[in-house]
Amino acid sequence: MAHGAITPAADLDGARFRQVMGRFATGVVAITAVEPGTGRPTGIAANSFTSVSLDPPLVAFCVAHTSTTWPRLRASDRLCINILGEPQLDVCRRLALKGGDKFDGIDWTESPSGAPAIDGALAWIECSVEQEHVAGDHVIVVARVHALDENHDGRPLVFYRGAYGGIA
Ligand SMILES: Cc1cc2nc3c(=O)[nH]c(=O)nc-3n(C[C@H](O)[C@H](O)[C@H](O)COP(=O)(O)O)c2cc1C
């Protein structure tokens, strides 16, 4: 059978990488912890989250080396990964800010071991850092799940082509 050959449209630069990867629709999570020193909640928004293993229960996400919040999150024994719902765009935007009190205006409840479970999230996953693998300008964090639950059946916050949406 005859077939043609695909010609790449342009160089593999950062803009093209983002543009093409943006065609992969993802959910958005808030990765949170209570800072051991200050007792204050902090977190980052992330769309690089994935489930990894059932036995043992492991999940993973990628964090940029430039993150100023990650060193403070990883200093905590327990992280909470909150799967955000469609109405939680404001939570996502707040946690994506650099600096300031990221949790200002965000209501939360303690997970079983005290990590911040954000009110209104679709689900929460309590975990601890198991492994970190440096990969280019990010670190792949593998985390062990200790407890998890669903909160409600609302629609997920979806990130696609650099914009937010939902699933009907
Ligand atoms: C939708 C969305 C997804 C993001 N995903 C990631 C991610 O997977 N990994 C990451 O390191 N940063 C991600 N970010 C950026 C972080 O949320 C945050 O902006 C970054 O950590 C800078 O803040 P910091 O210096 O307080 O860490 C994402 C931001 C948004 C809005």
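Phe-17 sits in helix α1, which spans residues 14–21. Helices (H or I, at least four residues) and strands (E, at least two) are DSSP runs, numbered from the N terminus. This is a predicted model: local features need pLDDT of at least 70, side-chain atom pairs count only at pLDDT 80 or more, and totals for chains, interfaces and linings use all residues. Residues are numbered from 1 along each chain as its sequence is written, and side-chain values use heavy atoms, with hydrogens and water left out.

**Surface patch**

Phe-17 has a relative accessible area of 47%, so it is partly exposed. The classes are buried (under 20% relative accessible area), exposed (over 50%) and partly exposed (in between), with a 1.4 Å probe and protein chains only. Together with Leu-12 and Met-21, Phe-17 makes a nonpolar surface patch of about 360 Å². Patches are made of residues with over 30% relative accessible area and no salt bridge; like charges are joined within 9 Å, and nonpolar side chains (Val, Leu, Ile, Met, Phe, Trp, Tyr) within 5 Å. Accessible areas come from the Shrake-Rupley method with a 1.4 Å probe, and for residues only the protein chains shown count as cover.

**Overall layout**

The chain holds three helices and 12 strands. Of its 168 residues, 35% are buried. Along the principal axes, the C-alpha atoms fill a box of roughly 60 × 35 × 35 Å.

Ala-46 belongs to strand β3, residues 41–46. Ala-46 has a relative accessible area of 9% and is therefore buried. From Met-1 to Ala-46 the separation is 45 residues in sequence and 44 Å in space, C-alpha to C-alpha.

The UniProt record, an unreviewed entry, carries the annotation "domain: Flavin reductase like" for residues 21–166. UniProt positions are given in the numbering used here, feature names are shortened, and annotations may be inferred rather than shown by experiment. In the model, residues 21–166 are 9% helix and 47% strand, and the end C-alpha atoms of this span lie 18 Å apart.

Two strands pair if DSSP finds at least two bridges between them. Strands β1 and β11 (residues 158–160) run antiparallel and are joined by two bridges. Thr-26 has Phe-159 in β11 as its bridge partner.

**Cysteines**

How many disulfides are there? A disulfide is a pair of cysteine sulfur atoms within 2.5 Å. By this rule the count is zero. For Cys-62, the closest cysteine sulfur is that of Cys-127, 14 Å away, so the gap is too far for a bond. Cys-127 is in no disulfide either; its nearest cysteine sulfur, in Cys-80, is 7.7 Å away. Is Cys-127 buried or exposed? Cys-127 is buried, with a relative accessible area of 0%. Cys-62 is partly exposed, at 31%.

**Salt bridges**

The structure holds four salt bridges. A salt bridge is a side-chain nitrogen of Lys or Arg within 4 Å of a carboxyl oxygen of Asp or Glu. The table lists some of them.

| Pair | N to O distance |
|---|---|
| Glu-132 and Arg-74 | 2.4 Å |
| Arg-155 and Glu-86 | 3.0 Å |
| Glu-130 and Arg-144 | 3.2 Å |

The salt bridge of Glu-132 and Arg-74 links distant parts of the chain, 58 residues apart: Glu-132 is in strand β9 (residues 123–135) and Arg-74 in helix α2 (residues 70–74). Glu-132 is partly exposed at 31% relative accessibility, and Arg-74 is partly exposed at 41%.

Arg-155 forms a salt bridge with Glu-86. Arg-155 lies in the loop between β10 (138–150) and β11, and Glu-86 in the loop between β6 (79–83) and α3 (89–95), so the pair ties together parts 69 residues apart in sequence. Relative accessible area is 44% for Arg-155, which is partly exposed. Glu-86 is partly exposed at 28%.

Glu-130 forms a salt bridge with Arg-144. Glu-130 lies in strand β9 and Arg-144 in strand β10, so the pair ties together parts 14 residues apart in sequence. Glu-130 is partly exposed at 36%, and Arg-144 is partly exposed at 29%.
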